[in-house]
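Let's take a walk through this fold together. Have the sequence and the 3D view at hand as you read.

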Amino acid sequence: MAKRIVSAIDVGTSKIATIIANVRAQDDIEILGVGVVPSHGMHKGIVVNMDEAKTSITNSIKEAQRVSGIKVDSVYVGVTGRHISSLNNRGVVSIPHDDRLVRPKDLKRVLSAARNMPVPEGKKLLHAIPRYYTLNGEEKVNQPVGMHGTRLDVETHIITASVSSVQNLAKCIRSIGIDVEDLILEPLASGEAVLSQEEKDSGVIMADIGGGTTDIAVFKDGNIYHTAIIPVAGYQVTSDIAIGLGLPFHVAEKMKKVYGNVTPGLDTSKEATVTGIENGHSASYRDLCDIIHSRMEELFELILLEMPTTDYQTLAPCGLVLTGGTANLIGLPELGKSALQIQVRKGQPSDSGIYGITDVLRDSAYATTTGLILWQARNRERSTWQVKRGGILGGFVNLFRKLFRG
Ligand SMILES: Nc1ncnc2c1ncn2[C@@H]1O[C@H](COP(=O)(O)OP(=O)(O)OP(=O)(O)O)[C@@H](O)[C@H]1O
Ligand SMILES: [Mg+2]
């Protein structure tokens, strides 16, 4: 089968991960190399120090190249941050042909009608994803081409991003001689990696709790329904521990990862002092867990505020799936369950259809990294259509090309 090498880069606040894969088919993906390095120069999803970010990105790509023996020329890039906004918008066109048969060009017209909306100054369309179509205002249809009707509607999920934030990230990558193939919203990527089709069909909320941001995506009827980015995640938990317990940040980070438990229970035998992590730094286990508990409780409240409806239980019968590095906190699903009154599970990238160097990717922290490759493989036609024919995303990427080439 044809060999198609695809590379993607997940530029996180804690780590930068490059992945190189041979994508033979949607469910036949061989991971050839992964390069993970600590992230510098990034804060809450955006570049704050160009030189530091460039160095981290270079090191991550070099490592993936070394492992795979393949040189990276272009990458798919994950995008996140508070500058992202989303909304659902409808497009309507009439079907003018005598036979009233919907043709591919009608789909193009209706999508163009849906994305023909005012975008605030300094923002650009990142994705316009068709959620479903209706013909003559009747039942929802996934693929209307070849069906008859007089009026075609499309409901789309529109995602916009700040031009300057994305330009800065793209500039870091392009300045090291690597092309930006396409931009992918990170929660969409994470959703591809950790959610089942059944969950997406029935309705599910996904929260990727990373280092700097919590990326939220709600899926319904098999497609994206809502996205939101909260600028609070694991970094703030560590920072609270450091301040609350009077510890250096790196010691607080280690304590959180080794001993952190969101719901430690009333087991008094666990009221031990955490010692010996580094230079005799110590803290009460109970205090450590209380701080983490409060922060995560607050985060679940913020997630609730981002829901598109107060009746989120009906919207998402499959509940909440937690991923990202912070989802590794012990007891987090139980806390989420009591805060939101829905079922909550931890999501890790599944091995199904993916093989090769996958060991590192099994952790929740690699949901976005793995998802970038999956999104690309599963949505390739849509993506390349947009880039090659100068569509929405193509316009955005071509803008970078113009700005940064030469
Ligand atoms: N076992 C663990 N227990 C608690 N927290 C953990 C654990 N492992 C990782 N984390 C936390 O997860 C966070 C990193 O997660 P992740 O790798 O998903 O972030 P990122 O992708 O770099 O950042 P972002 O997506 O926010 O830009 C850090 O705050 C880290 O402390
Ligand atoms: Mg991340």
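A residue is called buried here if its relative accessible area is under 20%, computed with a 1.4 Å probe on protein chains only. Keep in mind that what you see is a predicted model.

With that cut-off, have a look at helix H6, residues 234-245. Its buried residues are Gly234, Gln236, Val237, Thr238, Ile241, Ala242 and Leu245. What covers the buried residues of H6? The cover includes helix H7 (249-259), strand E16 (283-284) and helix H8 (285-305). Over its 12 residues, H6 spans 16 Å from the first C-alpha to the last, close to the 16 Å expected at 1.5 Å a residue.

Four strands form an open sheet in the order E7-E10-E8-E9, and their pairing is antiparallel. Strands E7 (85-94) and E9 (140-141) each have a single partner strand, so they stand at the edges, with one side of each left without a neighbour in the sheet. E9 runs antiparallel to strand E8 (residues 123-135), and two bridges join them. You can find Tyr133 bridged to Val141 in E9.

Helix H2 (residues 104-115) touches E7, E8 and strand E10 (151-162), and its direction makes about 135 degrees with that of E7. Helix H3 (residues 163-174) touches E8 and E10, its direction making about 65 degrees with that of E10.

Terms used. Residues numbered from 1 in each chain as written. Chains lettered and ligands numbered in written order. Predicted model: local features only at pLDDT ≥ 70, side-chain atom pairs only at ≥ 80, totals over all residues. Heavy atoms only, no water. Pairing = 2+ DSSP bridges. Contact = heavy atoms within 4.5 Å. Axes fitted to C-alpha atoms, helices over the stretch in contact; angles between N-to-C directions. Expected span 1.5 Å × (residues − 1). Buried < 20%, exposed > 50% of the residue type's maximum accessible area, 1.4 Å probe, protein only.
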